[in-house]
Amino acid sequence: MITNGLSTRQSITPLSSSQISAFNPYSYYATVAYCTPAQTLAWNCGANCKANPSFKTVASGGDGNGVQYWYVGYDPTLKTVIVAHEGTDLSEILSIVTDVELVLGPLDKTLFPGLPSGIEVHTGFQDEQAKTATLVLSAVQSTMSKYGSTSVTLVGHSLGAAISLLDSVYLPLHLPKGTSFKTIGYGLPRVGNKAFADYVDKNLNLNHVNNKEDVVPILPPQILGFVHPAGEIHIEDSAVWAACPGQDNPSPLCAAGDVPNILDGSVNDHYGPYNGILLGSC
C-alpha cells in the first residue's frame, strides 16, 4: 500500500496493477458497510461479502438514517481488525443534512483528549462519529482480544470515510501502545482544517482514493478553511491511479486540480468504479 511517506515526494506517480489490486478487499469492505447490521453479523450480503469469505464479524449497528451503519470484525487473511462505516445515502435526509453542515469546531476533549490546540473539524461529521465512538471502541477491543490482533484497519466511503478518518484519530488515543493503524477512505470529503490535516499527516497511515470528477472530495470548499490530508490517490479518466503528494495537490492529475469547482464535478463518479468495484449499495 502507499503510505503517508508519499507526501514527501515531489512527483505524481501511477500505481502498478498489483498496487491497485491490493485495494480490492478494502473496497469490498467499504461497500459492505451499506448492508444492514443483520446482514453483516451473518456475513450474508451476496458477492460483496463473498469477496472476503474468511471475515469474522464481531459487532455491528446503526439504522442507516439517524446513525450510519457500522461493523467491526477480523480478517484472518489480512491479519487485521476491520472497522467500516456506511457512506452517504442520498435517500436519507438526515445524512444529507449532516453533509451540508459546514461549520468547523474543536474536537470533543472527552473523546479526543490531549490533542494539539488549533485542531478543528466539520461539526456534522464529528457529531456522527460521536454517536458510535464508544461502541466501536468496545467492539475493536473485543476483537483484538479475541483474535490476538494488534492491527486495526478503518475503511469507509463518502460520509463513512469521514467518520472512519475521525475514528482513526480517536482509536489510537484509547487503545494500547503498539497497535498499528491503517485508514483507507473512498470519496472522502474534507474533514478538518490545516491543523487537523497536519496532525493526520504526522500520526496516521492514510490513503484516500477519489474517482475521476467526483465532486465530494472537493467539499467542503477550501475557502471555508477545510484542508485534505496527504495520501490522495486520484483515479484519472484513463483509469490510471495517480498517487498525489501533499495536501490538496493542485495538479490536474489530482482532485483539487481536476475538479476546481462543483460545476466541473459529477455525482455519478462518486460511487466508482474503484478497479471495477462500485460502492454505495449492499
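Colleague: Which backbone oxygen does the side chain of Thr31 reach, and at what distance?

Modeller: The side chain of Thr31 reaches the backbone oxygen of Ser281, at 3.0 Å. A polar contact here is a pair of N or O atoms within 3.5 Å; within protein, one must be able to donate a hydrogen and the other to accept it, and residues adjacent in sequence count only if both atoms are side-chain atoms. Before we go on: this is a predicted model, where local features need pLDDT of at least 70 and side-chain atom pairs count only at pLDDT 80 or more, while totals for chains, interfaces and linings use all residues. Residues are numbered from 1 along each chain as its sequence is written, and side-chain values use heavy atoms, with hydrogens and water left out.

Colleague: Fine. Which backbone nitrogen lies 3.4 Å from a polar atom of that Thr31 side chain?

Modeller: That is the backbone nitrogen of Gly280.

Colleague: What does Thr31 touch, leaving out residues up to four places away in sequence?

Modeller: Thr31 touches Asn48, Leu278, Leu279, Gly280, Ser281 and Cys282. Contact means heavy atoms within 4.5 Å.

Colleague: Is Thr31 buried or exposed?

Modeller: Thr31 is buried, with a relative accessible area of 0%. Buried means under 20% relative accessible area, exposed means over 50%, and partly exposed is in between, using a 1.4 Å probe and protein chains only.

Colleague: Where is Thr31 placed?

Modeller: Thr31 is in helix 2, which covers residues 24-32. Helices (H or I, at least four residues) and strands (E, at least two) are DSSP runs, numbered from the N terminus.

Colleague: Which residues of helix 2 are buried?

Modeller: In helix 2, Tyr26, Ser27, Tyr29, Ala30, Thr31 and Val32 are buried. They pack against helix 3 (37-42), helix 4 (46-50), strand 3 (70-75), strand 4 (80-85), strand 7 (151-157) and strand 8 (180-186).

Colleague: Strand 8, then. Is Ile184 there buried or exposed?

Modeller: Ile184 is in strand 8 and counts as buried, at 0% relative accessibility.

Colleague: Now an exposed one. Where is Pro260?

Modeller: Pro260 is in the segment after helix 9 (255-258). Pro260 is exposed, with a relative accessible area of 54%. Its C-alpha atom is separated by 9.4 Å from that of Val215, 45 residues apart along the chain.

Colleague: Change of topic: helix packing. At what angle do helix 6 and helix 7 pack?

Modeller: Helix 6 (residues 123-147) and helix 7 (residues 159-170) pack at an angle of about 60 degrees, with their axes 9 Å apart. That makes helix 6 oblique to helix 7. Angles under 35 degrees count as roughly parallel, over 145 as roughly antiparallel, 65 to 115 as roughly perpendicular and the rest as oblique. The axes are lines fitted to C-alpha atoms, for helices over the stretch in contact, and angles run from 0 to 180 degrees between N-to-C directions.

Colleague: Is the crossing of helix 6 and helix 7 left-handed or right-handed?

Modeller: Helix 6 passes helix 7 in a right-handed crossing. A crossing is right-handed if the near helix is turned clockwise from the far one by less than a right angle, and left-handed if anticlockwise.

Colleague: Which residues meet there?

Modeller: From helix 6 they include Phe125, Ala133 and Leu137, and from helix 7 they include Leu159, Ile163 and Tyr170. By class, this contact of helix 6 with helix 7 has nine nonpolar, three polar and two charged residues. Ala, Val, Leu, Ile, Met, Phe, Trp, Tyr, Cys and Pro count as nonpolar, Asp, Glu, Lys and Arg as charged, and the others, Gly among them, as polar.

Colleague: And what about helix 7 with helix 8?

Modeller: Helix 7 and helix 8 (residues 194-203) pack at an angle of about 65 degrees, with their axes 11 Å apart. Their crossing is left-handed. Leu165, Leu166 and Val169 in helix 7 meet Phe196, Tyr199 and Val200 in helix 8. By class, that contact has six nonpolar, no polar and no charged residues.

Colleague: What is phi of Trp43?

Modeller: Phi of Trp43 is near 45 degrees, a positive value in a residue other than glycine. Trp43 is in the loop between helix 3 and helix 4.
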